[in-house]
Each structure stands twice: as C-alpha cells, then as structure tokens.
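Please look over the sequence and the structure, then read on.

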Amino acid sequence: MKGVNGIVLEINLSTGEIKKLPVSEKIYRQFLGGRALGMRLLKDYLIEPGIDPASPENPLMFMPGLFCGFPIPNSSRTCMVTKSPITSPKNSTYPYASTVSYSNMGGFIGPEIKFAGYDGIIFIGKSEIPVYLFIENETIELRDASKFWGMGTNSFETAIIEEIGDRRFETAYIGTGAENGVLFSSVINTGARAAGRGGTGYVMGTKKLKAIVVRGTCMPEIFDHKNYVDLLSQIRLSFGAESESKKDWRYGGTANALQFSSDRGSQAVKNYSEGSFADIEKINVHAARVQVWKRDMACYSCQLSCKKSGFAKGAYGGIVNEGIEYETGTMLGANLLVTDLNGLHKMIEIADDYGIDIITLGNVIGFLMECYDKKLIDSTFLNGIDLKWGDVGASIELIHLIGKNTGIGKEASKGVKHLASVIGKGSSDFAIHVKGHELAAWNVQGYAKSFGISYTTANRGACHMTGGEIAGQNLSVLRDSMGMCNFASSWYKNDLHYRHFIFALTGIALTEDEFQHTGERMFNIERMMNCNEGFTREDDMLPERFFKDAYTSGPQKDVVLDRNEFSKIMDEYYLSRGWKVSSGIPEESTLQKLELEFLL
Amino acid sequence: MKISRKDFIKNFALGAGGIVLVSEGVFASVFAGSNSTIKAIIVDYTKCTGCRTCEAVCSASNHKIEIEGNQLFGNGNPSMSNIKVWRYHPPVDVPITCFLCNDAPCVEACPVKPDAINGRKALYRDEVLNTIKCDRDRCIGCQSCSDACKKERGGVIFPDEEGSPTSMCTLCNGDPQCVKWCPYGALSFLEVTSDMPLREMSPDEIAKVLEQTYYGN
C-alpha cells in the first residue's frame, strides 16, 4: 500500500528483542494511522481487561499520524497510546481497570519516525536499567541511559544531542517527574512540546525508557503523485493568503483565548469555582507579547507558529522555553489566582523541566489551595507550605515536591481524585475530574452541551479536545489519526478537505459519509475497550461542584447545571451514538455496523 | 571584509539593537554601496520559526519525479534538501544554505586540474547564476571541498557516500522555491553585499548570536 511505511516496530524492553511488524491494508483502511491505529494495535496487546498500566504487559506506543512526514501544512502530530495509569471506574471487577489513554504532541519526532521507515514504535516489557532507543533508518539499538537518568528535560535535550553528535536527530523523552513516579507525567519533544495528558510519560518511566532518538532519510511512495503535488500547492497558497485567523495564531497562539474566555465566563478560575478572572489583563496575550515573548516557533511544516519563547525578568526571571498558552496560562494562572506573569512563566518552566502535565498540575494545586483556604488541611499537611491563593512562591515549592514525588508530593502526584480520598471532609465535591482524569482550562457552567459533554464522554477521561457534538468528536479522533493539528482545521475544507489528501497519499477513497463513519469507528473502539474494563454511564459524570456552586461574577453568574437537564442531554447523546441509554455501552448493532464485533 | 563581518556579529550580539540590524532599512543602505553581482538566499533569522518548509520544498524542487513524461515536484523528503534548519536549545533555529561565498574556499580547495577548455575544476562556480557545481565525472571524492567549507565557513556542503559534495544551492534555476514558499518571509533572493550580517558563518556561531539576542539579559 502506498503512502505508508506499512511497518510498526515492536521493542521488547525486557528481552531486547526488536521486531518489525507488518500492518495490513485492511487495518490502514479502517484506522488510518496515529491515534486510531495505535488503539487497534493496543487492543491486541491488552489480551484481557484489567491489566496493570504499570506492568510490562502494558504497551507504550509512539504513533505518528498518517500525514506525518509529508510536508502537508500542520500535519506533524504524533499520538502516545497506552492504557491509562490515571483513570479508574466507580465500580469494576478488575482492580487495575482503567481507560485507554492517548496524548498528542506536535514538533518533529513523528515525521522523523516516518522518515526512518516506521508507522509507529511499540514498547513492551520493562528494562532493568535506564535505556534509550536509537534509530537511524535500519539501525535500531537500545542504549544505556544511566548517565541521563535524573536529568530534567532541558538538560537532557542538550546532552543527548551532544552524545549523538548530530543535530539532525530528533528526540522525545521523559523528565524526572516520570522517573520519580508522578502519575501525570508527560512525554516531551523539542523544546517542551508535550504529550501532556493521560500519564503516558509515567508509563514510559515504568519501562525505564528515557528517550527515543531518531533519524531517517526515507519516505513512502505516493499513490497519486500529481494530485498530491497539486493539493500541496493549493493548500500552501490558501495558508499564504492573509487572514485574521492566521494573524491571530501567529500573534498569540492559544493564549489569545485567555482574555476571550474570561470575558465570556468560560475560564477555569479559582479551582473552577468562577468563570472569569478580574486580573486576566495582567497575564493575557498582550502582556506576554510585550513583557516576555521574543520568538514565534512552528512545528514541522506548520504555517501558524503558535509556540512562543522569550525571556522573563525579575525575581522569577530567566529563559522561557515555552510561553504561556491558554491551558498553561489558565491552569497555573487564573485557576490559582496568580497574576505575576514572570512567576507564571517560571512555574511552567519548572513543570516542563520535570516533564509533568500542567493541566493536571494546575488542578492539583488549585484543589489544595481550596482545601487550605477552607481549612480542611493545614500547613503541616503541606510540609509547611503556606499555600495561599495566588502565591507563586508557595506553588513553586509544591511543584518541586510533586516533581520529586516526596512529602505531600507523594499524594499530590496521584491527582485530585486520590487527594480527595486522602483528605475527605467533602472535598471530593470540588475535586475536578471525570474518571480520575482532571478537567482542562475550559469551565463548564453555561457550556454543558459543549465542554460538559466533551469532558464526560472523552475516552481518556476528561478532555477538552474531544468536543460536545458527535460529528466533531469523530473528526477530532480522525485528526489525531491523520496527525493534523486542530488549530489548522479551518483551512482543510471543500476541495482541500482531508479526504482528498488521504486519497492522494494512499488511494483510500472516502466519501464524506464514509469519512465520518471511519471517525465513528475510531471513537467506538476506544469506548468499547473502556466498557470492557467496567466503565459505564455512571462514570460519565461531571464533578459535584457543577451541580451545586454558581459563579459569583461574570456573564455566567448564578448559572448552575441542573442534574436532570444534564441527564437528558446525556440520554440524547447515547441515543445518537447508538449506545444503550441505561449503561452507556455501545449496542451490538452499532459495533457490527462499525466492523468492531471483535470487541464483543 | 572579515573585519566588517565580525563588527556586525558584535553589534548583533549586543542586545536590543540586534534584531533591528536585519531590518529592510539596513539591507537597503548596504546594497547602495555594493557592486557585487552574486545573488543568493538571504536569511532573516529573526523571522524563521523553524518549520522546515524550506527543506521540504528544496528537496521537492531539486529531486523531481517523472510521471507520464512530466517532471513533477518530488515528495519533499527533507534529508535531500540543500537548505537545512539547524535547531538549538534554548530554542534557536538557524537555516543555512550555500552562501555562494565570493572567494569560494570550496572551489579553491578542489585539487582537480582546471579543464583546458572551460577552466573548470571538478568543483566550479557556474557562470549563469554563480552557483557552485560539481562535475561528478571528474570529482575524485577527496572531500577537500567539504572540509574547506566546514573549516572556513558554515559547513554547508557535505560529502556523499562517494565523497563527492552535496547540498550546494542550485537557486532552482533562478527561481528559488524556498524563498517562494517560506510561510514566514524569512528567506529572500538578493544581491549579496560584503557586510550583510551573519553570512558565511557556521550554524553554531550564528546560533550563539541569536541565543544572546533572544535570551540574553
């Protein structure tokens, strides 16, 4: 089959055995690549429900999207796929029951894996000593990483390139957070581009795999080359035209949304108890642009350069590898009532150096701040930290304890669901998670049909990228499977629809309906794998806070989500999905229609 | 010429003025005093985002594929590109392609005797666009050219498996595609003057200057 390498690598870290596994044309037609291909392969590795995510049996996969490596604008994205170490159902017969996990990163590692000749890398087993995987086309070696174990992501990125002696190698790695056993650890590549969510870095740490280091010089043949070249010119011209959208992405990336979201009352503020932040102007995109940011950066073949770097001044000054984004700026800013822009950038730097997920981190700190403020815990519980709202210094102390997994960090490194079970006293009402995975920076009151549904129905536990509408959810997993960046979606329309690129590259011809059907299959394989672990409708539940606490200010002031109303919205969702309304489990006929009977 | 280049580096490195130096105004005044006729790819490093579109486009343009008798752009494999974006940490991106150096140390270093008729060594400067070309039939694979480039300039040209030089910029026959398709306007096709900043330097040297500009106190 053209347009793909047709091979995934399987590396057994226990035995050192390396296999090249062919992937059938049928599997590509059904799952394309990236996230969904990873899920289909994951299914075969998880031979029974309830496998311990930290065990050698849990595979960890690097899955570049189908388009990855082709210079199609904004197609660099790679999905980490594994079984989640974070999520858990309310009831299950399996002690280690958890959802699937996937986490998406841009940057350069995915294209390079494709150039080396592989459509994915699957790690199974566990190494005795720290190792990294070296790949240069056909040369594949596991190498001793003992001297790198204990290095933060910034030092490591420099040190590994020095060791290899060739800047053309691309790398992805974990920080010390994952080494130390922080559940919500990320996999990072190229200057703090993070597959942040879902604990994929933690799984990598359990395997004692510090990094992958890859260079390749190959590329798959293309099915309809002339068509491909024409499409590429057209899409580049389309991006080349001046547009407000392009200008905005380049100016501020997702940080543009900091002001906008606060203004419309959809921001996570003060541990999700408010939707607007009175001091947002101190940490918004304009402040960052003027005070801190110096550079715009792009991923492979990206036209939007949403990533920023720069230099912060003052007590929390220093190099800023990664400027604030909407998620990081909200979760460590507005959600903690932090107004010090330099301090906020410093917190992000430290978290990235540990390689931990900033979305969950912001939840954990916000949750503990609220517990402390409400006197459910005292400073002794927090190892002496005076964890007041908005306090950057106290937050940084806590981040270090979490990253080192020591003191209160031992509990905090397991997320808010665990912390609430330790603290008790009704704190679970404001532990903001679904299925044990924390919510992101978009708040819920007034947005139950969009973000509420996105959080409850996402297959990795709460996720803001899933979307509230079924067609959008299907498109979201399709995008992750093609390796396409969500931010570039609006350019891929009509004659430049993703479907045309799929056809040009691979010869897989899909009508709009068939394209949606493929996305539906991708979403349902994940859902059914979760159901087989014991997840049901009762796990698709928002935190209590949203049914009780109204905001005290902003456009969504006094709005409280009604339990019955939300239940009805969910009923309609299950019906439209072809899932049983009572249990949330896909109907047999739905799975048959999607050629997923093997999950029954 | 070398003194002037170093002065530029120094000025560039000295803080806030650095970025201004590569603005169009400086280019304009520099051109006015020049009588050089070499046109090359000129990089505005402050506009480069590191997306490597130039690599894909260069590869596609210089490694065409024949389909039904038509020469089409290739698949864009960046490892076959003549322009290379070197990446550093903290984040600095340095696109480097052949500078078409006035004194061409690579051609100087070529030990193959000049041809009696056209005066060309195995490595020579083409008369039409001033690009550096290799006559592979006469190249002995000694790597003197790539060594000279590495030692004296940016280390742009590399030896292939046979030792012959690769990665010399072709200027795509006068219509450089990297310039045309760079999404960020970081590349221009301009007449070279002796005192343009950050030219004929190695990526490591350029990266140091840029690092100071972006992340210096």
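## Overall form of chain A

The structure is a predicted model. Chain A contains 23 helices and 17 strands. Its radius of gyration is 22 Å, close to the 25 Å that the globule rule gives for 600 residues, so chain A is as compact as a globular protein of that length. Along the principal axes, the C-alpha atoms of chain A fill a box of roughly 60 × 55 × 55 Å.

Among the 600 residues of chain A, 60% count as buried. Of the contacts in chain A with a separation of 6 or more, 73% are between residues 24 or more positions apart.

## Domains of chain A

The domain assignment divides chain A into domain 1 (7-215), domain 2 (242-431) and domain 3 (448-599). Between the C-alpha centres of domain 1 and domain 3 of chain A the distance is 24 Å. Where these two domains of chain A touch, domain 1 supplies 49 residues and domain 3 supplies 30 residues.

On the domain 1 side of this contact in chain A, the elements giving two or more residues are α1 (25-31), α2 (34-45), β4 (78-83) and β5 (100-105). The most comes from α2(A), with 7 residues. Sorted by class, that side of domain 1 of chain A has 21 nonpolar, 21 polar and 7 charged residues.

## Contact between chains A and B

The two chains also meet: 31 residues of chain A are in contact with 24 residues of chain B. On the chain A side, two or more residues come from each of α4 (153-164), α7 (225-240), β13 (293-297) and β14 (307-312). Helix α7(A) gives the most to this side, with 6 residues. By class, the side of chain A that touches chain B has 13 nonpolar, 11 polar and 7 charged residues.

## The largest nonpolar core

The largest nonpolar core has 241 residues, and A:Met61, A:Ile121 and A:Leu368 have the most contacts inside it. Helix α13 (residues 358-373) of chain A gives the most to this core, with 10 residues.

Apart from its neighbours within four places in sequence, A:Met61 is in contact with A:Gly38, A:Leu41, A:Leu42, A:Met80, A:Val81, A:Thr82, A:Gly120, A:Ile121 and A:Ile122.

## Backbone details

Two leucines have a positive phi. In A:Leu337, a residue other than glycine, phi is near 60°. A:Leu337 sits in the loop between α11 (326-331) and α12 (341-354) of chain A. In B:Leu171, which is not a glycine either, phi is about 55°. The loop that holds B:Leu171 runs between β9 (165-166) and α7 (177-181) of chain B. B:Leu171 has 24 C-beta neighbours inside 10 Å and therefore counts as buried.

Chain B also has a cis peptide bond, which joins B:His89 and B:Pro90, with omega about 0°. B:Pro90 is placed in the loop between β4 (84-88) and β5 (92-96) of chain B.

Key:
Residues are numbered from 1 along each chain as its sequence is written. Chains are lettered from A and ligands numbered from 1 in the order in which they are written. This is a predicted model: local features need pLDDT of at least 70, side-chain atom pairs count only at pLDDT 80 or more; totals for chains, interfaces and linings use all residues. A nonpolar core is a set of buried Ala, Val, Leu, Ile, Met, Phe, Trp, Tyr and Cys residues joined through C-beta atoms within 7 Å. A residue is buried if 20 or more other C-beta atoms lie within 10 Å of its own, exposed if 12 or fewer, and partly exposed in between; C-beta atoms are placed from the backbone. Helices (H or I, at least four residues) and strands (E, at least two) are DSSP runs, numbered from the N terminus. Two residues are in contact if their C-beta atoms, placed from the backbone, lie within 7 Å. The radius of gyration is taken over C-alpha atoms; the globule rule is 2.2 Å times the number of residues to the power 0.38. Domain bounds come from an automatic or database domain assignment. Ala, Val, Leu, Ile, Met, Phe, Trp, Tyr, Cys and Pro count as nonpolar, Asp, Glu, Lys and Arg as charged, and the others, Gly among them, as polar.
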